[in-house]
Amino acid sequence: MWLRSQRSHFGTWRDHVDVDAPMQAGRTKLDPRAALGADGSGRAIVIGTLVPDLYQRVIREGDEFTVWVYDAAGSWAAADYVPGASEWVQSRYGPRDIWAEIEAAYAVWESAGRPEGDRIGLTVTADEHRLWVDAPSRVIGEGLP
């Protein structure tokens, strides 16, 4: 599940996202629905933990929608979901490549065997934070924030 500070902030998202800023655009093979959090799935827990300090917003138009993820420092990424597509339009702005961070965290979740949320744990000490699957000795996502 996304951390409380990462859940959608529907009233304030435009305060953080300059939608008119110059951006980089491209395509992604990662389904934009993978970036959606707060459902308690293993995917959402891993992405929410490994890609810190994010907010999200979804703008719907029928069956299509845009997923916006952004941080308080002004970086953002957006991906347009179109049913049946195998690639989606993705754009980003700011010093942080948020979509690449989400793709990397998703790859960690996949390489861990796509565990459900009840198999994932987080050990937090004064010295470290470790995300793990099944047992504290099976750490995933090392080297990521």
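Visitor: What makes G74 stand out in the hairpin of β3 and β4?

Guide: G74 takes a positive phi near 110° there, in a hairpin with five residues between the strands. Keep in mind that this is a predicted model, where local features need pLDDT of at least 70 and side-chain atom pairs count only at pLDDT 80 or more, while totals for chains, interfaces and linings use all residues. Residues are numbered from 1 along each chain as its sequence is written, and side-chain values use heavy atoms, with hydrogens and water left out.

Visitor: Why are β3 and β4 said to pair?

Guide: Strands are DSSP runs of E, at least two residues, numbered from the N terminus, and two of them pair if DSSP finds at least two bridges between them. Strand β3 (residues 64-70) and β4 are joined by six bridges, so they qualify, and they run antiparallel. Across that pairing, V69 stands opposite A77 in β4.

Visitor: And how do you know that β4 pairs with β5?

Guide: By that rule again: β4 and strand β5 (residues 88-93) have four bridges, in the antiparallel sense, so they pair. W76 has Y93 in β5 as its bridge partner. These strands form a hairpin with six residues between them, and G84 in the turn has a positive phi of about 85°.

Visitor: Why is β4 called largely enclosed?

Guide: Buried means under 20% relative accessible area (exposed is over 50%, partly exposed in between, with a 1.4 Å probe and protein chains only). In β4 (residues 76-81), five of the six residues are buried, so the rest of the structure largely encloses this strand. W76, for one, is at 1% relative accessibility, so it counts as buried.

Visitor: What makes W68 and W76 a tilted pair?

Guide: Rings of Phe, Tyr and Trp (its six-membered ring) pair if their centres lie within 6.5 Å; planes under 30 degrees apart count as stacked, over 60 as edge-to-face and the rest as tilted. The centres of W68 and W76 are 4.8 Å apart and their planes make 50°, so the pair is tilted. W68 has a relative accessible area of 11%, so it is buried. The count comes to six aromatic pairs, and F65, Y81 and W88 form one aromatic cluster.

Visitor: How do you know that R60 lies over F65?

Guide: A charge sits over a ring if NZ of Lys or CZ of Arg is within 6 Å of the ring centre and within 35 degrees of the ring normal. R60 is at 4.8 Å from the ring centre and lies over the face of F65.
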